[in-house]
Amino acid sequence: AEIAFAGAELIGLRQHGGQELMHSGDPAWWSGRAPLLFPNVGALNNNVYRLDGREFAMPKHGFARRSRFELVESSADAARFRLTDSAETRAIYPFAFALDMAFVGEGATLTMTATVHNRGEVDMPASFGFHPAFRWPLPDAGEDWSDVDPPHFRRCPGRRAGLRRKRLYRWLWLFGRLARLFERRLLRPLLQLWPGLVLRLV
């Protein structure tokens, strides 16, 4: 495994035969490989959140993936990286924290463990996510790799598979937009009118 100090990001993961499993990071497709998402996962409304009457700007997926981690422990088959709060992070996330990212290799298995520490005296809202991207088709999958392809993409080799994927992504994007519109235009006004309202979707 190969881990970068920038974002404690896993940028290389190879099989015993040397085949690379991780995405290349080609910006023509996506520059990331396996970024860590902290202290938020996804994008906030207008990239802003409110806390105790103040507004803070927060980038999509947080700042950890763009931050430099410190190597605090290392051995032949393990490493632990740490990101702690600084003046720069406290300007947009006013909390004292430590984010530890541990990597342990054992045989053909790599275990990744993220630990978030609240080093302050107040509650600290936070979320965390992994966002790995792997090469596709996977190495050694062979020419017929439909057995590792999602069922709804089977029997659609080559260009037809790509077209079906694009159509699916468009539908998923549209569904997400409709869900956000439903939340902003209906759910939020209802909750403002009736703060105790509980909606149950069946």
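Here are some friendly notes on the aromatic and nonpolar side chains of this predicted model.

1. Ground rules. Because the model is predicted, local features need pLDDT of at least 70 and side-chain atom pairs count only at pLDDT 80 or more, while totals for chains, interfaces and linings use all residues. Residues are numbered from 1 along each chain as its sequence is written, and side-chain values use heavy atoms, with hydrogens and water left out.

2. Aromatic pairs. There are 11 aromatic pairs in the structure. Rings of Phe, Tyr and Trp (its six-membered ring) pair if their centres lie within 6.5 Å; planes under 30 degrees apart are stacked, those over 60 are edge-to-face and the rest are tilted. In the pair F5 and F81, the ring centres are 5.7 Å apart and the planes stand at 75°, so this pair is edge-to-face. F5 sits in the loop between β1 (2-3) and β2 (10-12) and F81 in strand β7 (residues 78-84), so the pair links distant parts of the chain, 76 residues apart. Helices (H or I, at least four residues) and strands (E, at least two) are DSSP runs, numbered from the N terminus.

3. Buried means under 20% relative accessible area, exposed over 50%, and partly exposed in between (1.4 Å probe, protein chains only). F81 is buried, at 5%, whereas F5 is partly exposed, at 34%.

4. A second pair. F128 and F130 are also edge-to-face, because their ring centres are 5.0 Å apart and their planes are at 85°. F128 is partly exposed at 26% relative accessibility, and F130 is partly exposed at 41%.

5. Cluster and core. F38, F63, Y93, F95 and F97 make up one aromatic cluster. The largest nonpolar core has 24 residues, and F38, F63, F69, L83, Y93, F97 and L99 touch the most other members. Such a core is a set of buried Ala, Val, Leu, Ile, Met, Phe, Trp, Tyr and Cys residues joined through side-chain atoms within 4.5 Å. β7 and β8 (97-106) are the elements that give two or more residues to this core, and β8 supplies the largest share, 4 residues.

6. Who touches Y93? Leaving aside neighbours within four places in sequence, Y93 is in contact (heavy atoms within 4.5 Å) with F38, P39, Y49, M58, F63, M124, P125 and A126.

7. Helix α2. L181 lies in helix α2 (residues 158-193) and is partly exposed, with a relative accessible area of 38%.
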